[in-house]
Amino acid sequence: MRPRIVLTLWRKELLEVVRDRRALFLMLLLPLLLYPLIFLIASQVAIEQTKKVRATVPVVGVGPAPVPDALVERLEQDGKLRVERGELAALKESLAQQKVHAVVALPDGFAGTLLGQDTAAVTVLFDQTSDVSSHADELVSTALRDFAKAVTQDRLDRHGLPATIARPLQVTSQNIAPPEKVGGHLLGSALPMLVIVMLVLGAFYPAIEVTAGEKERGTLVTLLTAPVRALEIVAGKYLSVLTVALVTGAANVASIGLLLGMAVVLPDDLRGKIDLGLSGLTLFRAGYVAVLAAVFYAALMMTVAVLARTYKEAQSFMTPVYLLSVLPSFFAQLPGAKLDGTLSFVPGVNLALLLRHVFEGTATAQQAFTVTLATLVATTLVLLLAARIFQRESILLGQGGILAALASPSGRVEPVPTPGQALGTMAVVFVLIFYIGSVVQARWLLPGLAITQWLLILLPVLAWLRWQRMDVSRALGLTRAPWTALGSALLLGASAWYPVLYGASRFLADPTAKPPPSDGPATDPIQEVFQRLLSDEVSPVLLLLVVAISPAICEEVLFRGLLLRAFLRSMRPRVAVLVTALLFGAFHLSLARIVPTAALGVLLGLLAVRSGSLWPGVVFHALHNGLSLLIARSGRDVPGITTDGAPAPWQLGLIVLMLLGGTLLLGLSRPTASLPLPTTGTRP
Amino acid sequence: MTRIINKLWGRVNPDLDDFVSKPPYVKLPPVDSSSAVVVQHLTKSYGDVLAVCDLSFTVPAGTIYGLVGANGAGKTTTLRTLAGLSKPTSGTVRILDADPTTDPLIVKRALGFHTGDTALWGRITPRETLQLFADLCEVPVAESASRIEALIAELELGAFVDRRCETLSTGQRQRTAIARTLIHDPAVLVLDEPTAALDVVAARFILDRLRLEAQRGKAVIFSTHHLSEVELVSDRIGVIHAGRLLAEGTVDDLLERTGKRSLTEAFLALVDATRVEDVA
């Protein structure tokens, strides 16, 4: 993939979008109009309603007779209420007919009770479904409270007592969060969902425009006559859809921000309503999730649109995708919905759940990491699918069924996998591990780990290579390694565990995973597995087989075999090593270990590139994992890692071993000698 | 797995083998494999439909090859196969000794392809279209500006070069599309109906241009259903009907072979011959 070509295509797509009024409207103008409108309409409706209610003077029926004049005076005091006297039955009838808005039912001998010392039970009848009636109830209750105060004062005066005797406490409560702000918080958590829905809506149109739209107008064929690869076209188009999605998202956020800014000049009763009550950090985290959502949904929508032959067809294909972007939001609002286990890997749902955790303030960095990884894997898969569809002429030229075209094998047989093919295989392996591996490991740990390694990592890679009729030993580098490389692998494997554990100990309390002192849950997935492994009574031989030998073979085949050698086709060796190492680090699903694991990946990559063979990496990997396990199992303290303190002399010896191994590695005389390096245009 | 899915979904025409094994109606001259464009036994089917059947011809550098046929004869399919947009069901295509199926990038760099419907991006100007293709073809930045200016002058795009393509007339679009195919100075020019829907003057402009490009050493192949046009500029002519190449050669060859006086009569005679055979 050539970045400059991708950028050229990206620029062209954006130029078209920018010059399209319809797209611009959806992208920029709609959000700028939408939020002020929502708020203005909502607040106007509320204000109008209140005004209307306050404009009518509610009629309050009081009965039965006799009704004290003082009470009537108190009720009619500010002219806010009009009193109608009558018998209770007649008044209740009038209330039902809304001729009277509230009824004050007095007990028998009401006037007498007031003069005595007892309490008179007064009932206020009103109709909650009527705004005027509810308003009348409020006014009546206030007036009755005032009346009661006056009666109390009267009684105290008659007995010559001070007013304070009836008021032993004066309590004032001050609510620091006004009710509007509580509502604002709810609004605040709904807004990011709205932003996600809006950015999906913003990407909706360009996703169709750059795919089915181009097909329908015939310009796609024009583009395909240029010397550009399918993956480059897909990447350029995807970037443009993503850009539009992000710009739409930003326009939405800006619009909300503008509204909040406006709040300063708004009247008081409006200002309170649009205070979101969110901290800057929460908004920043929510923004990150929204960006992830854009990354994923832009890819999904574009890929679905690629399948369509016409604009209209694309629109009908897209509707389910649009719903799919909204549904997880509802799912995430279900009580008790939590981001864990398999749900972390369900695209869309994991984003909605992460967003919920962000607003509840319970999101962890590990969760964000897992969701990011899962989203990126899903996006890669979806985009590779789009590229595959793009290579199908029948779909491109708008002929034939979709399924038939997808099922037909690609025309060219590659001798060694391309980077795209390798990434696709890796993404499939990741998905298998997410959904099957995590389940079997949770049920049976040791067999689960073995199944993950051999059946979910090694088997798919080998099966895919066989299916593509590729030379397995050439694709994976199963060639004899020079002795110096094997020696270097032995030296490094014997010593590298120390700096790796040391690195991990900077992030984790105890990376060797002795049971945690406080019985608290382990936050690191690898540590968790280690703890469970060591807590069972398993023979060390079996442990070594599953935790050291299996990953050494299976993970090396995937990373230093398939991926690294595929990347070497189109990348410089050091870039290929670095990219593979980062994927290797991410693969371990542990945020805390990503740096040490990636560093390990760099060493393994260098071994593979320098030796031209997979085997030194296997030796190194097996030794490294085995030693780490044995040290954890022995339960011995390691200065600098499990305890503070200066390193012991034998640890310095390890450093010497590492340096020796490193020197051997760099001294290898044939870098990349037997690696597959055909880029494009290989002919049989 | 694929094989199973193919069996379930793919429909193979049982008569296909019979079609392919039929001898061509006119004996074809031997193929010169040193030519810029070499097509050998090209067959292409879409599901049940056989679009092109056992086509062979060559186009040497510096010459113009005219592909004549009625609508739906298989011209577009043939030309798209040259550009690698369509993969042959059987047979081979080589452009400057490269195969469009396995080396699409090498072929597309060597080839300027003009699509039949002159589809241009409506909201982009001709100048921007030229710049886009210069960038996609990796024309060096130092050269691209002067090449664009030269093409604007030669194809007389000046009057509308900064207007959006959606506002252009058919002739203006056609000239823009041809400038686009020339931007990377390809060795082979493939044009699908470059004069369709043009008036006589505009068509003549395009044809003169093709002649000039051939004189500059390009191998040019174009399709049309106007017989007068091929007569005017082509060095060799291929008559294609219902997916088969009925006859191939210079104008004189064809007249001589059919014993007719004009190319139109010769064309009709060739097409009629297939009808008679179909009936028989």
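View 1. With a relative accessible area of 66%, Arg469(A) is exposed, since the value is over the 50% at which a residue counts as exposed. In this predicted model, Arg469(A) is found in the loop that runs between helix 18 (445-467) and helix 19 (472-476) of chain A. The backbone of Arg469(A) also deserves attention, for its phi is near 55°, which is a positive value in a residue other than glycine. Most residues other than glycine have a negative phi.

**View 2. Asp185(B), a residue with positive phi in chain B.** Phi is near 50° in Asp185(B), again a positive value in a residue other than glycine. This aspartate lies in the loop between helix 7 (170-182) and strand 6 (188-192) of chain B. Asp185(B) has a relative accessible area of 48% and is therefore partly exposed.

**View 3. The cis peptide bond between Gly63(A) and Pro64(A).** The bond that leads from Gly63(A) to Pro64(A) is cis, and its omega is near -5°. Most peptide bonds are trans. Pro64(A) itself has its place in the loop between strand 1 (59-63) and helix 3 (69-75) of chain A.

**View 4. Arg392(A), a buried residue in a loop of chain A.** The loop between helix 14 (365-390) and helix 15 (393-396) of chain A holds Arg392(A). Arg392(A) counts as buried because its relative accessibility is 6%, and buried means under 20%. Ala230(A) can be shown together with Arg392(A): the two residues are 162 residues apart along the chain, while their C-alpha atoms are separated by 9.9 Å.

**View 5. The packing of helix 20 and helix 25 of chain A.** Two packed helices are described by the angle between their axes and the distance between the axes. Helix 20 (residues 483-495) and helix 25 (residues 594-611) of chain A pack at an angle of about 170°, and their axes are 10 Å apart. Helix 20 of chain A is therefore roughly antiparallel to helix 25 of chain A, a description used for angles over 145 degrees. On the side of helix 20 of chain A, the contact is made by Ala485(A), Ser488(A), Ala489(A) and Leu492(A), and on the side of helix 25 of chain A by Leu603(A), Leu607(A) and Ser611(A).

**View 6. A nonpolar surface patch on chain A.** Phe25(A), Leu29(A), Leu32(A), Leu33(A), Leu37(A), Ile41(A), Val45(A) and Leu258(A) make a nonpolar surface patch of about 730 Å². The element that gives the most to this nonpolar patch is helix 2 (residues 21-55) of chain A, with 7 residues. Leu32(A), which has its place in helix 2 of chain A, counts as partly exposed because its relative accessibility is 39%.

**View 7. The two chains that surround the close-ups.** Chain A contains 27 helices and 4 strands, and buried residues make up 49% of its 684 residues. Among the contacts in chain B between residues at least 6 apart in sequence, 67% join residues at least 24 apart.

Terms used: Residues are numbered from 1 along each chain as its sequence is written. Chains are lettered from A and ligands numbered from 1 in the order in which they are written. This is a predicted model: local features need pLDDT of at least 70, side-chain atom pairs count only at pLDDT 80 or more; totals for chains, interfaces and linings use all residues. Side-chain values use heavy atoms; hydrogens and water are left out. Patches are made of residues with over 30% relative accessible area and no salt bridge: like charges are joined within 9 Å, nonpolar side chains (Val, Leu, Ile, Met, Phe, Trp, Tyr) within 5 Å. Accessible areas come from the Shrake-Rupley method with a 1.4 Å probe; for residues, only the protein chains shown count as cover. A salt bridge is a side-chain nitrogen of Lys or Arg within 4 Å of a carboxyl oxygen of Asp or Glu. Helices (H or I, at least four residues) and strands (E, at least two) are DSSP runs, numbered from the N terminus. Buried means under 20% relative accessible area, exposed over 50%, partly exposed in between (1.4 Å probe, protein chains only). Axes are lines fitted to C-alpha atoms, for helices over the stretch in contact, and angles run from 0 to 180 degrees between N-to-C directions. Angles under 35 degrees count as roughly parallel, over 145 as roughly antiparallel, 65 to 115 as roughly perpendicular and the rest as oblique. Contact means heavy atoms within 4.5 Å.
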